[in-house]
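What follows is a guided reading of a single model, moving between one group of side chains and the fold that carries them. Please keep the structure in view while reading.

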Amino acid sequence: MMPVKPTIQYLLSWYIAETLPPDLEASLSTKTRQENGAYQYPPSFPKDLTLVERAGLESSQPEPIRHENTGVDEEEALYESYLLPIDIAQTKLKGTIMADVVRLGWEAICSRRETERKTSVG
C-alpha cells in the first residue's frame, strides 16, 4: 500500500469515514438490496456531533459488517476486517506502513477528542 502523503493513508481515511451506527447500517443494507445492489451513501452526521456522542451511537460490541463484492479490486475483495484494541493492532502490524496508519489515525482521534473537550468546557 502506498501513502497518499507522508501523513495520510487511503485505508485509514476510508475506514473512519465508513463506520456507521448499527441501525443506520441495517437500513442502508436493506435499501441497497431493494435497489438491486446499488451502493447507498450514508447521510452525513451533523457537523456539531462530537466523537463521544458519535461513539454512543455504536452497539456495546461493535464489529464491522462485511459487504460482499464491494472491494475496489480483486485483492481488496478478499480483505477481512475486525476490531482490535490499538496496542494489539500496533503489535500485530509492527514494522509495516499499516502500523503507521493505526498510530496516526489514533493520534488524530485523540487530538479531536481533546479539542472537543476543550471547546465544550470553554
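Glu114 has a relative accessibility of 31% and therefore counts as partly exposed, a class that lies between buried (under 20% relative accessible area) and exposed (over 50%), judged with a 1.4 Å probe and protein chains only. The model is a predicted one, in which local features need pLDDT of at least 70 and side-chain atom pairs count only at pLDDT 80 or more, while totals for chains, interfaces and linings use all residues. Residues are numbered from 1 along each chain as its sequence is written, and side-chain values use heavy atoms, with hydrogens and water left out.

The side chain of Glu114 meets that of Arg117 in a salt bridge, with 2.6 Å from N to O; the term stands for a side-chain nitrogen of Lys or Arg within 4 Å of a carboxyl oxygen of Asp or Glu. Both Glu114 and Arg117 lie in helix 6, three residues apart, which is about one turn of the helix, and Arg117 is partly exposed at a relative accessible area of 44%. In general, an α-helix has 3.6 residues a turn, so residues three or four places apart point the same way. Side chains of opposite charge can pair when their charged atoms come close.

The structure holds four salt bridges. Another of them joins Arg112 and Glu116 at 2.7 Å, N to O, and this pair, too, is set in helix 6, four residues apart, or about one turn.

Helix 6 itself has 25 residues and reaches 36 Å from its first C-alpha to its last, close to the 36 Å expected at 1.5 Å a residue, where the expected span is 1.5 Å times one less than the number of residues. Its buried residues are Ala99, Val101, Val102, Gly105 and Glu116.

Seen as a whole, the protein chain has six helices and zero strands, where helices (H or I, at least four residues) and strands (E, at least two) are DSSP runs numbered from the N terminus. Of the 122 residues in the chain, 16% are buried. Among contacts (heavy atoms within 4.5 Å) with a separation of 6 or more, 50% come from residues 24 or more positions apart. The accessible surface of the chain comes to about 9700 Å², of which 58% belongs to carbon and sulfur atoms, as given by the Shrake-Rupley method, in which, for residues, only the protein chains shown count as cover.

On that surface, Tyr82, Leu84 and Ile88 form a nonpolar patch with about 280 Å² of accessible area together. Patches are made of residues with over 30% relative accessible area and no salt bridge, like charges being joined within 9 Å and nonpolar side chains (Val, Leu, Ile, Met, Phe, Trp, Tyr) within 5 Å. Leu84 is placed in the loop between helix 4 (74-77) and helix 5 (86-92), and Leu84 is partly exposed, with a relative accessible area of 32%.

Key: Areas by Shrake-Rupley, 256 points an atom, 1.4 Å probe, with all protein chains shown as cover.
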